[in-house]
Amino acid sequence: MPLFDVYPLYDVEPAKARGVYVYDQKGNKYLDLYGGHAVISIGHGHRTYKRMLKKQLNRIGFYSNAVQNPLQEMLSSEINRQSGCAGYELFMCSSGAEANENALKLASFHTGKPRVIAFQNAFHGRTSAAVAATDNKNIQAPLNTQQQVTFIPFNDDKALEKEIAKGDVCAIIFEAIQGVGGLDEPTTDFVKQIEAICNKHNVCIIADEVQSGFGRSGDFFAYQKYMITPHIISIAKGMGNGFPVGGILVNPIIKSKYGMLGTTFGGNHLACSASLAVLQVLEKEQLCDHAKAMGEYFVEKAKTLPFVKTIKGRGLMLGLEFEKEVGVLRKELIFNHRIFTGGSSNKNLIRILPPLNVQKKHLDQLIKALQICHQ
Ligand SMILES: Cc1ncc(COP(=O)(O)O)c(C=O)c1O
């Protein structure tokens, strides 16, 4: 049976991975500055991660959410402690889209209202409400367009006020650093205004930290730079370092009710262990601080490249914007220099999303490769 052909694939077949490197079946070594789409947070095959997952698998890998699972509580308190989001409650699921789907649904349950405000160039996933809140018509089926979502530009106070005044908005969902959209960020003033207007009009703020969370931005969550208190924070990707796990952190002003949310796989024993391992390593190796320092180092180096038009992002969620499209450049980086980078909906931008324990020498390798590509 052929595969349903939805992914344009690079002709590389990873067979093994360690730290910041991926090896193909012929033994060629690639520097992974893409992290499998911002997923690999603590590095490929980390010892702690493998040990904790193996140990858990030998005990119990899965049981449903009909029984007690203390690992979920352990994970919840560990996220509370490390993120500084004291008092939030955790609901677990298995992907970023599912996290946002639950976040949007919860906001609508809580406020009793149907419409969502999202931002131009936003990406929140491919399921029903998440894809409707994603600013890309090409991935919305007619079914998805039944949802009520209004897209406004970042930093447009007037549009924000006008839409909220209509009285039917349940949530504003935003990425503190846009991922797929190309690394743009709203201003602090605008985010503060979102908070004020949401609190006044009974609208939930959803911080989508699926890509930017768990230390990638140099803070535990990228929205924390703005000193706001979201109602819901959605998480996935780096949370599991490759194990499919996601979730939402829910502010306790939103009350839970049996049956309101649910999932078969969410919060299973292996998923919790993967995420507990990630948190253990993040703290022990001080990876948030390291991500910040490496980001600053890379930005300084990138400023010396005359062919780079703009440098975007922070921590290890970075983008380099060029004057022309980067498709050919990314292929050259893979096949001539053996470096993985990411693309975005901005065709002129490459994304840099390495494991958070990447070192200066790896970032230097990209700078050198870019110089050679532009000779
Ligand atoms: C900000 C953001 N939200 C949600 C998602 C969707 O996550 P998933 O692909 O795990 O469903 C992504 C994926 O790239 C993302 O970047």
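## Basis of the description

The structure is a predicted model, in which local features need pLDDT of at least 70, side-chain atom pairs count only at pLDDT 80 or more, and totals for chains, interfaces and linings use all residues. Residue numbers start from 1 along each chain as its sequence is written.

## Overall form

The chain contains eleven helices and 14 strands; these are DSSP runs numbered from the N terminus, with helices (H or I) of at least four residues and strands (E) of at least two. Along the principal axes, the C-alpha atoms occupy a box of roughly 55 × 55 × 45 Å. A compact globule of 375 residues would have a radius of gyration near 21 Å, and the 20 Å of the chain agrees with this. The radius is taken over C-alpha atoms, and the globule rule is 2.2 Å times the number of residues to the power 0.38.

## Domains and their contact

The domain assignment divides the chain into domain 1 (14–46 + 288–373) and domain 2 (47–284), with bounds that come from an automatic or database assignment. Their C-alpha centres lie 25 Å apart. Across the boundary, 24 residues of domain 1 are in contact with 29 residues of domain 2, where contact requires C-beta atoms, placed from the backbone, to lie within 7 Å.

On the side of domain 1 that touches domain 2, the elements giving two or more residues are helix H1 (35–38), H9, S11 and S12. H9 supplies the largest share, four residues. By class, this side has ten nonpolar, eleven polar and three charged residues. For these classes, Ala, Val, Leu, Ile, Met, Phe, Trp, Tyr, Cys and Pro count as nonpolar, Asp, Glu, Lys and Arg as charged, and the others, Gly among them, as polar.

## The three-stranded sheet

S11, S12 and S14 form an open sheet in the order S11-S12-S14, with antiparallel pairing. Pairing requires at least two DSSP bridges between two strands. From one strand to the next, the twist averages 15°.

Helix H9 (residues 287–302) lies across S11 and S12, and runs at about 170° to S11. Such angles run from 0 to 180 degrees between N-to-C directions, with axes fitted to C-alpha atoms, for helices over the stretch in contact.

## The seven-stranded sheet

A second open sheet has seven strands in the order S4-S10-S9-S8-S7-S5-S6, with mixed pairing. Its edges are S4 (89–93) and S6 (149–152), each of which pairs on one side only. The twist here averages 20° from one strand to the next.

Within this sheet, S9 (residues 232–235) and S10 (residues 246–250) pair in the antiparallel sense over four bridges, and Ile 233 has Leu 249 as its bridge partner in S10. Helix H7 (residues 188–200) packs on the sheet, touching S7 (169–174) and S8 (204–208), and its direction makes about 140° with that of S8.

## The hairpin and its parallel neighbour

S2 (residues 21–24) and S3 (residues 29–32) run antiparallel and are joined by three bridges; Val 22 has Tyr 30 as its partner in S3. The two strands form a hairpin with four residues between them, and Gly 27 in the turn has a positive phi of about 90°. S3 also runs parallel to S13 (residues 339–340), to which two bridges join it, and Leu 31 is partnered by Ile 339 in S13.

## The ligand shell

The ligand is surrounded by 14 residues, the closest being Gly 96, Ala 97, Gly 125, Val 210 and Gln 211. A residue is near the molecule if its C-beta atom, placed from the backbone, lies within 6 Å of it. Helix H4 (residues 96–111) gives the most to this shell, with three residues. The shell divides into five nonpolar, seven polar and two charged residues.

Note on methods: Two residues are in contact if their C-beta atoms, placed from the backbone, lie within 7 Å.
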